[in-house]
Amino acid sequence: MASTVSPAVKRHQIGSPASTGGLPAAETAGPAKGTLSRLLRDSVERHPDRISVEDPTSGAAITYRELGERTGELRDALERHGINAGDRVGVCAPKSVATVTAIFGILEARAAYVPVDAGAPPQRNAGIFEDCSVRMMVVAKSLVDDLRTAAPEYRLDTLQELRDDLLLVRGMENESVAPLPAATAAQEGPSPTDLAYILYTSGSTGKPKGVIHTHASALSFVDWCSGVFEPTELDRFSSHAPFHFDLSILDLYVPIKHGATLVLIGEEVGKQPLRLASLIAEQRITVWYSTPSILRLLADFGRLARYDHSSLRLVLFAGEVFPVKHLRTLKAFWPRPRYFNLYGPTETNVCTFLEVPAEIPDSQTAPFPIGWTCMNDRTRVVDEHDQDVACGEEGELCVSGGTVMQGYWNLPERTEHAFLRDSAGLGWYRTGDVVRESDDGCYDYIGRRDRMVKRRGYRVELAEIEAALYRHPSIAAAAVTASPDEDSGVRLDAFVVCSIGTRCSVIEMKQFCAENLPMYMVPDRFIFREAFPETSTGKIDYQQLKGSSLT
Amino acid sequence: MQATEADIKETVKDYILSEFLPGESPDALDDSTLLITSGVLDSIATVKIVSFLEEKYGIELEAHELSPEYLNTLSDIARLVTARIAPK
């Protein structure tokens with residue numbers, strides 16, 4: 001079928017799984033109303049005695065009423081210490097009931113939260129907090145000394161001790177950051193256009209960049225989830241992703257909106273398939289959401305046959321391709337739930353989705369498509385001249401609509417380049433993902449335009465790893481390549497040229513990377529070379545490097 | 001014949017070198033090299049080592065044993081496995 005009409009802009013269309021998704025009627029155009037903190041307030045009123053958040057590791061569990069009260073306490077504390085609307089508040093703490101409370105308290109105070117990986121190197125976290133000039137920080141007691149050591153130029157005084165070993169600490173205000181446009185006049189709680197959070201992702205310059213979302217853009221995604229997943233107050237959502245990872249947006253706000261229970265899974269348990277398998281059974285999880293990497297670990301090492309996982313009704317995955325072989329293995333253990341593949345960079349939230357059919361044909365080896373455009377977004381596919389391509393042709397996926405970010409923190413030029421402007425002035429976020437659209441509006445994922453890869457669901461800019469390697473005193477040159485790997489999805493190879501007279505060991509390199517980068521960015525292999533092959537223009541020849549085998 | 005701690009260390013060392021540290025000199029990995037807390041092995045590698053140990057030695061490790069406390073060095077691993085295969 002030739003696409004003669006070829007509406008460049010795709011919306012939810014014929015052939016899309018509207019009938020299976022239970023999507024709401026077309027009520028969704030335009031920015032979302034309401035705020036994230038409003039979701040909590042409404043549930044406090046409707047479900048005061050239901051459990052809102054539960055932490056099986058510590059045994060803590062609080063009702064909606066308690067969560068509402070503690071959120072209010074935290075907001076008051078922030079305000080007492082002078083927080084203003086539009087300020088940023090860093091969050092550096094392991095996952096806990098208190099951390100969830102802190103996030104809602106920050107939102108209630110009309111500030112934006114900036115969550116970081118508590119296990120990442122403190123220098124990296126301090127760099128992020130400095131970059132967005134946080135006015136205050138909520139930090140776990142056990143982590144505050146490391147942060148102080150990493151940022152000696154700031155006075156990170158403790159302003160107040162909070163519940164459960166969290167501290168409210170003076171921030172890292174950085175004068176080079178221009179203030180935000182003045183917020184609207186004082187009012188009770190935030191408004192939809194206020195900043196809600198900033199999530200930092202790997203940056204190709206070697207420095208992470210902050211993706212800004214407002215209450216409205218997050219809520220637009222949350223509302224879409226309501227329509228498709230039809231949660232109720234009886235649901236028990238897993239919260240597997242750490243809060244600095246964009247999968248956490250669904251985990252945090254969808255259950256809260258519906259009066260359901262959020263079951264926290266800490267970093268340590270989250271990596272151990274045996275403990276996860278028993279947790280899913282004991283906690284009677286109904287909605288699971290994680291990267292395919294974790295689901296693969298569960299299927300391969302979780303001894304799933306031993307557990308009763310019949311409570312599961314939805315299995316959602318996002319962040320990377322799920323090899324169909326492993327998805328099939330998982331479905332053999334868990335035949336009952338519905339499976340959804342969700343796609344979307346941090347910049348757009350989820351913008352396309354696909355429900356995996358109940359039966360996967362044995363003959364299928366190709367991964368499932370990323371699917372159809374979500375209700376609140378619009379998508380188009382363009383070539384290198386920003387011209388729309390026809391169905392069946394490859395091009396870059398661009399996204400516009402309610403769920404799309406406001407921009408990158410303090411990077412106006414990068415923000416400008418990140419969007420394609422159409423003749424009407426509408427901005428379309430360039431995902432950098434190459435896709436192909438089929439006649440029925442379904443998108444197949446083909447690959448990337450640049451040097452970014454997804455590893456365990458996280459974005460990894462290969463250049464950021466190279467920049468870290470160059471900081472090692474014995475490294476004269478570094479080049480990192482990514483290759484598909486049957487086992488881990490993506491294998492990272494670091495090619496390294498050591499300075500004359502020095503010898504490096506693989507173990508030393510791994511340790512150095514682990515001290516300077518999050519674990520998911522540590523290369524799998526290190527390959528030492530005397531020199532790198534070069535292209536005719538004198539650049540490192542990555543293709544040739546990649547082809548050269550490990551000797 | 002039952003494997004000794006020294007045998008286990010050697011077997012696990014060979015496995016780690018070939019599986020996770022290709023190209024590394026065997027001298028760089030000794031009995032007390034920190035594997036997990038230093039970032040040499042990630043969580044997926046840890047899970048794979050456990051699976052290897054269970055298969056190789058016909059043992060089953062408990063969920064709580066899959067932590068750095070028991071698996072952080074070759075010595076730790078050998079001690080854990082020895083305790084498991086010892087006749088009760």
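Which helices of chain B are included in what covers the buried residues of α4(B)? The answer comes from a predicted model, and it includes α1 (5–20), α2 (43–57) and α3 (68–71) of chain B.

## Helix α4 of chain B

Helix α4 of chain B takes in residues 74–85. Its twelve residues, at 1.5 Å a residue, should span 16 Å, and this agrees with the 16 Å that separates its end C-alpha atoms.

The buried residues of α4(B) are B:Leu74, B:Ser75, B:Asp76, B:Ile77, B:Ala78, B:Leu80, B:Val81 and B:Ile85. Two of these, B:Ile77 and B:Val81, are touched by B:Leu53.

## B:Leu53 in helix α2

B:Leu53 belongs to helix α2 of chain B. This residue has a relative accessible area of 0%, so B:Leu53 is buried. Leaving aside residues up to four places away in sequence, B:Leu53 is in contact with B:Val12, B:Gly58, B:Ile59, B:Leu61, B:Ile77 and B:Val81.

Between B:Leu53 and B:Ile8 there are 9.4 Å in space, C-alpha to C-alpha, and the two are 45 residues apart in sequence.

## Helices α7 and α8 of chain A

In chain A, helix α7 (residues 215–229) and helix α8 (residues 247–258) have axes that come within 10 Å and cross at roughly 65°. The two helices are therefore roughly perpendicular. The crossing of α7(A) past α8(A) is right-handed.

On the α7(A) side, the residues that meet α8(A) are A:Ala218, A:Phe221, A:Val222, A:Asp223, A:Cys225, A:Ser226 and A:Phe229. Their partners in α8(A) are A:Ile249, A:Leu250, A:Tyr253, A:Val254, A:Lys257 and A:His258. By type, the residues of this contact are nine nonpolar, two polar and two charged.

Terms used
Residues numbered from 1 in each chain as written. Chains lettered and ligands numbered in written order. Predicted model: local features only at pLDDT ≥ 70, side-chain atom pairs only at ≥ 80, totals over all residues. Heavy atoms only, no water. Axes fitted to C-alpha atoms, helices over the stretch in contact; angles between N-to-C directions. Helix = DSSP H or I, 4+ residues; strand = E, 2+ residues; numbered from the N terminus. Parallel < 35°, antiparallel > 145°, perpendicular 65-115°, else oblique. Left-handed = near helix turned anticlockwise from the far one by under 90°. Contact = heavy atoms within 4.5 Å. Nonpolar A, V, L, I, M, F, W, Y, C, P; charged D, E, K, R; others polar. Expected span 1.5 Å × (residues − 1). Buried < 20%, exposed > 50% of the residue type's maximum accessible area, 1.4 Å probe, protein only.
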